[in-house]
Amino acid sequence: MSTTPDLESLGRHGDIVIVGGGLAGLFCALKLAPRPVTVITAAPLGEGASTAWAQGGIAAAVGEGDTAESHAADTIAVGAGIVDEAVALGLAREAAPRIHDLLAYGVPFDRDLEGRLAVAREAAHSARRIVHVRGDMAGQAIITALTQAVRATPSIRVLEGWSAEALLTDGGAVCGLQLRKVGAPSAPVLIATSAVVLATGGIGHLYAVTTNPAEASGQGLAIAARAGALIADPEFVQFHPTAIMVGRDPAPLATEALRGEGATLINGAGERFMPALHPLAELAPRDIVARGVFAEVAAGRGAFLDATQALGPKFAHEFPTVYQSCISAGIDPAKQPIPIAPAAHYHMGGIAVDRHGRSSLAGLWAAGEVSSTGAHGANRLASNSLLEAVVYAARIAEDIASRDLAPSSGRVDPAEHARNGAFDSAEEQSLRMLMSAKVGVIRDRAGLSEAVRTLAELERDAASPALANSAAAALLVATAALARTESRGAHYRADYPDENPAQAKRTLTTLAEARDRAAALMRDSAVILPFPTQPQTALV
Ligand SMILES: Cc1cc2nc3c(=O)[nH]c(=O)nc-3n(C[C@H](O)[C@H](O)[C@H](O)COP(=O)(O)OP(=O)(O)OC[C@H]3O[C@@H](n4cnc5c(N)ncnc54)[C@H](O)[C@@H]3O)c2cc1C
C-alpha cells in the first residue's frame, strides 16, 4: 500500500466528492452547502449531460385533483410488475417540495394565467402532471439555473474536464478516486475522499444508436461495480422508437407528439407496419413501437416516420426542433418521410441504492440515472427520471449532512489500477455496434451469448481504463439480459416472448458474478445461466 502521490494537487481535505454535473450532481452539491464539496465533470458544466436535453419536464402531482398516490399507481403500472411500490410512492410524495427547491434556485417553470404551475400531459400518466419550461426547454432551463447557482456558491468547487475512471477503496470503504484529464493523453491523478456521490448519468452511448451524450458511457456504473458495489436491473434499457437517422451521433429525437398528430410509420415500400402489431398502431406503448421499428430495420426494409399527410406545410411551425434536425441533413419532413431507428434512451438499471441513496459500499452514494432505486422497474414512466434525480440527490445530501465523516485513509494499492493504455475509438465503435445488434431492442440467446463472450474478453484485455469500464458496464447488461429468460417491460427476448411470473423480481448482481457467468459460458456454450437469486432486501 502506498500513499497517493497526487493528494495535494487536486484533493481538498475533507471534501465530499460528487462526480457528475447533471441535475443529480448539481442539486446534491447545492443541497450540501455550506459543506465543502468538489464536483467533478467530464464535460464543462451545461454540456455532456442528458439533463440539458430533456424536452418534456418533471412529473409532479401538483395539478388540481391530482395525488401522489395516483402518480405512484401510474409508475407501478408502467414498470411491468417489478417497481418497488414504497419507492414509487416516496418519489411521488417528494415531488412538490423538490419543484419548489428548483423554483428557488431560479428554474422558471411555466405558469398558467392564475400564476399556478402549468402542468402538461404525457403518455401513460392518468393526469396532467408534467411541469415544464417554455414548452420543450425544461432540461436546458434546469441546467442553466443550477449552473449559475453552483457558480455562486463558495463552498462548491467545480473541476471541469476531468473523468473519474476508478473508485479507490481500502478495507471495503471508499478512500478516493482516480481521475484523468479529458482530451490529450495524460497520467492519472488520485484524490483522497471518504465520501463519493456518483451522479454520472446513463449508458446510452454503449449503443451505436442513442439519444444520449458521449459522456453517458457507463463509466460511473462500471467504477462502482469494479469496486464491488451491487448493481440492480442492468438488463432494463429503454429504447426511444423514433430517433432520426441522419448520420448524427447522438441521434436527434422525433418527438412522440408527431405520432399523436397523425404521422404514420412506414417501411421502405411505403407500407404501414404498426396496425398489424397492435390495435393502437402508431400510438401503441413505446416498447412495442420500438420493436416494430427495429424489426423493419433489421429485415432491411428500413423504417420512416411519415408526416407529409398529417402535417405537411405546418411541420416547420409546429415542430421547429425536429424540422431543423431534418432540414440540416437535406430532408424536408413536410414533403418526405423521415428515416428513423430505435435508440438507447434511458437506463432503468444502475448502482443499487437504498432509500437514502446509499450503495452497498461504505462511503459511496449514487443519484440520478446511474443509480437504480427500484422506482422504474422494467420500464420508466415519462418524466420520472428528472424527478428521481432531484429527490434522491436531496436525500443523499441530508444523509451525508447527518454524518461525521471520517477522513479518507488515503491509502490505495496502485497495482489494482495499473491499466494505462490509450483509448481505442475503433474498439469502442465495435462495442457499440455489438450492443445495438445483440443486446438491443430484440434479444435472443445466441446473440446475447456472443455479446457476453466478446465483452468479457474486452473487459479483461482493454488497454484503456475507459474502454474497460465501458466493457464492464456492457457486460453487466448482457449477462443479466441472458439470465432473464422472459420478456418484461423494455427487455424483450425473441426466444422467450412472454412474461414468466417466477421472474417477476428485480435483478441484483455484481461484476464478479457477471464475469463468472461469462467464464461458464466460455467453458460450456450450452450452459443455462440461472436467474439471479440474491435477496432484494440486501440494501435495506
Ligand atoms: C434527449 C433526451 C430527452 C429526455 N427527456 C426527459 C424528460 O423530458 N423528462 C425526464 O424526466 N427525463 C428525460 N430524459 C432523461 C433524463 O434527462 C436523464 O435521465 C437525467 O437528466 C439524468 O440526470 P443525471 O444528473 O443522472 O445525469 P446527466 O444529466 O446525464 O449528467 C451526468 C454528468 O456526469 C458527467 N460524467 C459522466 N461520466 C463521468 C465520469 N466518468 N467522470 C466525470 N464526469 C462524468 C457528465 O459529463 C454529466 O455532467 C431525457 C433524456 C434524453 C437523452
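What radius of gyration would a compact globule with 540 residues have, and what does the chain have? The globule would come out near 24 Å and the chain has 22 Å, so the two agree. Here the radius of gyration is taken over C-alpha atoms, and the globule rule is 2.2 Å times the number of residues to the power 0.38. This is a predicted model, in which local features need pLDDT of at least 70, side-chain atom pairs count only at pLDDT 80 or more, and totals for chains, interfaces and linings use all residues. Residues are numbered from 1 along each chain as its sequence is written, and side-chain values use heavy atoms, with hydrogens and water left out.

Along its principal axes, the C-alpha trace spans about 70 × 65 × 45 Å. The chain's secondary structure comes to 16 helices and 21 strands; helices (H or I, at least four residues) and strands (E, at least two) are DSSP runs, numbered from the N terminus. Of the 540 residues, 58% are buried, meaning under 20% relative accessible area with a 1.4 Å probe and protein chains only. Take the contacts (heavy atoms within 4.5 Å) with a separation of 6 or more: 71% of them join residues 24 or more positions apart.

Helix 14 (residues 445–461) has 17 residues and reaches 24 Å from its first C-alpha to its last, close to the 24 Å expected; the expected span is 1.5 Å times one less than the number of residues. Its buried residues include Gly447, Leu448, Leu455 and Glu459. Among the elements covering them are helix 7 (219–226), helix 13 (425–438), helix 15 (465–483) and helix 16 (511–523).

Helix 16 has 13 residues that should span 18 Å, and its end C-alpha atoms are 18 Å apart, which agrees. Leu511, Glu513, Arg517 and Leu521 are among its buried residues. The cover over the buried part of helix 16 includes helix 7, helix 14, helix 15 and strand 21 (508–509).

Then there are the holes. The structure holds 4 cavities of 30 Å³ or more; on a 1 Å grid over the protein atoms alone, a cavity is a set of points where a 1.4 Å probe fits but cannot get out, and lining residues have an atom within 4 Å of a point. About 60 Å³ of space lies in the largest cavity, a volume being the space filled by probe spheres set on the points, which are joined across faces, edges and corners. Its lining includes Gln238, Phe239, Asn379 and Val441. Helix 9 gives the largest share of that lining, 4 residues.

How values were computed. 1 Å grid on protein atoms, 1.4 Å probe; cavity = no way out; pocket = protein on both sides within 12 Å on 5 of 7 lines; lining within 4 Å. Buried < 20%, exposed > 50% of the residue type's maximum accessible area, 1.4 Å probe, protein only.
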